Amino acid sequence: MSILIGRSIEYLSDIFRKLDHNDYQNRIFLITGKDKHTYKQLLDRVKAIGFFSNTQGLNKKTILVSLSNDFDLISTILGLISVGAKVLLVDPKTKKRRLDNILSVISIDGWIANSAMVSEWGLKPLAINIEMHPDSTSGKGVVNKLLKKKNRDQKQTFSSWIDTLDRLDSFPDINTDATGIISFTSGTTADPKGVPLSHCNILNHLNTLSSHYKLNENSVISNVLPIFHGDGLFQGPFLALFNGITWSKPVEFEIQKIEELMLSIYKHKVSHFVVVPTILKLIDEFDNGLEDSFDTNGFKFVISTAAYLDKELWSRFMDRFNVLVINVYGLSETVAGSFFSGPDDDSFKIGSIGKPVDTEVKIVNDGGQVVGANELGELVIRGKHVIKSYLTPSGNPDEDGWFFTGDLGLFDNDGIYHIKGRKKSVIIRGGINTYPEELMEVLNQHPEIQDSFVFGEKDDTWGERIVVAIVANDGSILDSNGVIQYLSKHVAEEHIPNQIHFVSSLKRGASGKIIEEEVRKLIEVEGSKGEEAKSSDLKTALMKLAEESFNSSIKPDQYYMESGRVEGWNSLAHLHLATRIEETFAVKLSTKEIMSITSLSAAETILQEKIGEK
């Protein structure tokens, strides 16, 4: 059986027709922690939702989709776009204010969403209103069947909805210029940018990824990134679908589940492991004896995407785990990637974004003139995977299809490209340009600095001043003077910051990028690093540490809640909480103990035992 790689794929329907062949029916599409879903099951759902879309006249209509279950979500997306509908993809975690801003930019014709979101967002009745309730029953017994039937009569679940639908007889060939999926960039909520990806954009880029990653019929892609994130969607389920191979998502990523995720690489015969740098850092933080996780016959390489990959982390991870890590550069406007550092030797260079693949590129100065090797300028790209326009036209891409990324970069004498910062993030102090990314790279190499963020503040005299937020390592005695002395050895005087703040954490978005607005808020709250309160009341102290780590207030009843139910308690925040506990109470937590902190009350129990041992 040959792989589907898109040599003959012109339309989305070509993929469905090939997967409908007996050779693929029993192949596994998705492996989760509890279930396996075959391509036969996937296509049955796609045909059902496609039939529904046809009968409702959804061709070219825009439908908001927001579902929590991955298999339900992918089935819905594919079913809708298979017949020409446009999917507005919205994360269920989106706040109402943000959604209202999005809906001020785009009109929708209907929605398919979790019941909780329908209520929270106040979604109004439209032509299509499909409200999904969680399917709380399971099992095959008579009692469960009766309960399921009773539940179905009362509240519609995804399964009960599918059961009521007929199936498409055949898939139509949709014009490749038609929009398939619409997402919104993670810019300010007041100015959302709609990114419409056409069938042409998506199919061309999936072909690029398939070829560049050297996928074959035995490939298995592990990708636990959220589907509402472009790299989670296109470098996971869509890439698997395009090739008729398996997508592994054994867990929703949490710091407590790192070991389970790593063990799944062998268990699921994973060949390609897609992550963001934050996940690489968290895996590297824990000494779990998992260094041989990638030492399997079929494993190829790790794919780091969506954010800047620190050179030191990149090198250390490859050496420690004896695995190749390739770096991918792309944007929401380019489906997923455009530049690849690896896997081939010709494009691989640690600290770079490598070389463009199926992408035209030029570097231009402020006057729009193309510059040569080793000259800094804005990265401008063009290709079949690049959007033709935002929902609200902005002149970018220009009339010739060139998209101005806003990233500053250069190419070296080997033709390797490097990103040096964001054009809009450049800090201009007294006429001198400082690029935050370069300063952060120097800061993050300090042995006592865990993480850092650099940004500019308006200054009446100098134009801007340089502000640094730093997360110090456990037990660090580093202060502002120490930071300045260190920087003085590595950067020119004009790049030394005006203000240095020590903070408990740096909040990141789904893609792993630090959220500047949240850093500014945290600095206002925490100011500079002070003496930790040595409260004798463990509960009070732990709640204070949790608020600092999660950047949110903790109510008394949340003290006993599971981590997943506490706002702000994500994987990175969990790591910060553990390190703050160690620092505050002068204890050392083992990896097992850190992973056992499933609630603040659980942390108290562990801490009482540790203090009792002293």
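Helix H12 (258-267) supplies four residues to the lining of the second largest pocket, the most of any contributor. Strand E1 (28-31) also gives at least two. Helices (H or I, at least four residues) and strands (E, at least two) are DSSP runs numbered from the N terminus. This is a predicted model, in which local features need pLDDT of at least 70 and side-chain atom pairs count only at pLDDT 80 or more, while totals for chains, interfaces and linings use all residues. Residues are numbered from 1 along each chain as its sequence is written, and side-chain values use heavy atoms, with hydrogens and water left out.

The second largest pocket has a volume of about 540 Å³. Its lining has 25 residues, and Ile31, Val220, Lys267, His268 and Lys269 lie nearest its centre. By class, the lining holds five nonpolar, 11 polar and nine charged residues. Here Ala, Val, Leu, Ile, Met, Phe, Trp, Tyr, Cys and Pro count as nonpolar, Asp, Glu, Lys and Arg as charged, and the others, Gly among them, as polar.

On a 1 Å grid over the protein atoms alone, a cavity is a set of points where a 1.4 Å probe fits but cannot get out, and a pocket is an open set with protein on both sides within 12 Å along at least five of seven lines; lining residues have an atom within 4 Å of a point. Grid points are joined across faces, edges and corners, and a volume is the space filled by probe spheres set on the points.

Most residues other than glycine have a negative phi, and most peptide bonds are trans. The table lists exceptions in the backbone.

| Site | Backbone value |
|---|---|
| Glycine 342 to proline 343 | cis, omega near 5 degrees |
| Asparagine 396 to proline 397 | cis, omega near 5 degrees |
| Asparagine 322 | positive phi, near 50 degrees |
| Aspartate 358 | positive phi, about 55 degrees |

Proline 343 sits in the loop between strand E14 (339-341) and strand E15 (355-356).
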